[in-house]
Amino acid sequence: MASDAFNFARTKIQPPRLRAGLLLRAALAERIAGDLLHARLTLISAPGGFGKSSAIVQALETATARGQLRFAWIACDDGDTLARLATALVAALEPFDLPWRLSPEALIGALDRPDGQRGFRDALVNALAATELPRGVIVLDDVHRLTDERLLEFLATLPPLLPEHWGLAMITRVDPPWPLARLRASGELAEFRQDDLRFGAGEIEALAARAGPGLSEAPDELLARTEGWPVGVSLAIAGPRTASPVRSARHAIDYLRSEVLDHLPADLRSFLVATSVLPELTAARAAAVSARADAAACLDDIERRGLFYQEVDSIERTLKLHDLFRDALQAERERLPGPEQDALWRRAADSEPDITRRFHYLMQARAHDAAVQALTRAAPALAAAGMIDAVREMLAKLPPELLAQSPDVALLRGMVAWEVSMDLEAMLGHMKHAAREFAARGDVAGNDLARAYAALAVNGMSPIGAPQVDPAFEVTVTEATPPLTRAIVALHRAWHAFDLADFESTNRHYGELLDQLANHRDVALWYQIVPGVAYFGVRALEPMLQRYAAGALRAAGEDYPALRAVALAIRGCTQLWRGEFAEARTQLDEAASLCAWVNFPQGLSLYALTGRLVCRTMQGEIDAALAAYHDELPRVSDVFGDDGRGPGWYFHWFELRCAVMAERRDLTRSALEALRRTMPASTATSHVGVVRVIEAYTTWLDGDLATAAAQMQAVQSHYRQHDAVGIVTALTLQRAGLLQQLGRSTDAGRALQEALDGIRQRGYPVSAHFAGAALLQRLADGAAADMLDDAQRAILRSIVPMDDDDAEATLSRAPATVVAPPGPDELGGIEPMSARELEVLALIAAGDSNKLIARRLDLSPHTVKRHVANILGKLGVGSRGQAAARYLGVNRAA
């Protein structure tokens, strides 16, 4: 998923370049390169100034030039979380064309799940194992900056699981906080420490020779004075002669301040001090922070003077100052007046696209309210991307009094409660608090937004047919109302109108939303306004559903597979209700495939998986459909709590509807038991109709037909005009069948008339399918049908054959025939491939990378990755090379 939530500075995954004139340490580079080719973990651990990064870059370049390995580089930052580093890792590995079997972005989004960390790690290891290269190395620089416990735990488990042709290298000032003894004992750990990295007399002599004549000390004397510390040696050779030893970071910082910074031109010194808030320097960012138009010239001067920097391998010139030099600059910066320091951090935040860094800069500037506002703006995209842990961790860094009092924080917590767990009760509590605090501050816009969300929560906690309204949360929309508030108010009004069966108003309010989003690609808002599953089966809402699907598909493009899948599922379900089974199946199959690719998020799975289950059941595939459904359901996120209950019950509700449709008593009993086991106690008030349907079906199975018929009639009265997913039509027809079976033909005829009139006035003939094929046939053949008029009889004929009517109108349609796409037909795969997948496979066989395939076929790289995953799964192979071999072998044989 391409999302702003996954933004980070691209310099994070770009290795430093070796500076011209740098002393090449060939012997050390050979030793490190040799170990990189074999060790699971290569640890380069020493204090600052020992040339760790330069040494490993020399080793990597040596081995790469020989074709012995390829590497991915990730620089660690303060505040890195598991999700943020995993995002950078996936991006750094992009050139390797890893054959991911699930979307890596979706796996990152699922890291908060109980098994999320293991899921990402296992998928990463499997993808690495399927790469075809002699040796790969993942390099992590500045590991000492990492403090996130989950991230450190993840890294600790990674080296032993890496495939044989992959290794991990860590550059750090201190050893990582986990035992290394097992790797050391097994010979899978290579270590380079201070004694390995010190300059020898010969290297000092070579460095002194480059500096020119005038060095008063012999190399041996300089070695003794600096103890071979590389930065100390460099400073002693480059700077004024002093008897003071330069042996530690503290000495180096003092030396840099007194002997380097104090001797620079004042304007360059002030530029360096101002821009030291940035981890990397580009002309544009440095100009923004320093307010200097000559920032590019200052960077030229830094390079000309050789001021302790590394150049990052980037399109735009990017300099990264040595940590010790930045520490010296920081010490100078901290002598500035507080307001001046705060202004530097604020300017750094203003030009920073990475939300984690931007939040950190604002916190350093003590601009806590601005930090909260930045987080509030970014939170919807972070939540949509599944990176809610990043939101929680940033919230935890705010002062306790701000957490307790800030209405922005309360608003953010309410949004998290809604979007992550649909905890409407918690959402309502946070929004009430936010509304009170906004009102106390006189913030009308904030108060309106909080009250709009609160009204939405109140409505969502109410049962269909009896929506609750709290006048305190009523928001009046004017021309000055902000777009988000306007959208949430319209969404609440649409929900409320639907619950009252006022479908005209539902359409109007949703139309306002879609008008607002027509020219915007606000993906987070498209997620928030997804129409409810209950809207299917209501014919009056079909144009709105189609419009939503079309707009969401445009917004999703190829970059947002989860939103694309929701849109395809909605489009497929509208086709299904029109009786276009083959077309619906195509859309729903693709939606389910995308659902699997993004790791089965709960909301998307409800649309894609249940829609496909209904479609396949209507096509006569109940056993195969349920087998797939039961295989997929355990992989859906956040559906059951510790007590086994939770929103996952809704999946079993559709299982029950399909079991009844197929008239399978065994499957019906199983679904009823699953519902009793998983439905939370709150459904007794929030889903009264569902509870009563369960009671009626249980009574029916127990053989008490009269009581079951009476219970069904009571449920019909509850739902009234809400034929949500065909429930009213199905119950009315089932009641007619039971009454006919009881010999009450007149009552059965009236119920049948009621059902058919309802279909004609507001519903779809397909809704009748939920009643069961045999039951419908009995009604068509029985005395109840004698009471029908011509219009009613015509509707019944469209549902089930009567006498010699066209057999194609039968309920139990044959399964859709899958037409094999053009191309090789002897691939021996598990499933047939689509035409697009065959195109991608042909280009894989031709040796094209994912990026090149994307360019050739005008697809996004994310879409190509998904096609590769589908191809490997359908062929039953583990790597791109195996897939290419299968394709080439078949074509040679042909």
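Predicted model: local features only at pLDDT ≥ 70, side-chain atom pairs only at ≥ 80, totals over all residues.
Residues are numbered from 1 along each chain as its sequence is written, and side-chain values use heavy atoms, with hydrogens and water left out.

**Loop residues**

Ala501 lies in the loop that joins helix 25 (483–499) to helix 26 (503–517), where helices are DSSP runs of H or I with at least four residues, numbered from the N terminus. Glu663, in turn, is placed in the loop between helix 33 (649–661) and helix 34 (665–678).

| Residue | Phi |
|---|---|
| Ala501 | near 60° |
| Glu663 | about 55° |

Ala501 has a relative accessible area of 22% and is therefore partly exposed, a class that lies between buried (under 20% relative accessible area) and exposed (over 50%), using a 1.4 Å probe and protein chains only. Glu663, at 33% relative accessibility, is also partly exposed.

**Thr668 in helix 34**

Thr668 is located in helix 34 and is buried, because its relative accessible area is 6%. Its side chain reaches the backbone oxygen of Arg664 at 2.8 Å. When residues up to four places away in sequence are not counted, Thr668 touches Leu656, Ala659, Val660 and Leu701, where contact means heavy atoms within 4.5 Å.

Notes. Helix = DSSP H or I, 4+ residues; strand = E, 2+ residues; numbered from the N terminus. Polar contact = N/O pair within 3.5 Å; in protein donor to acceptor, adjacent residues only side chain to side chain.
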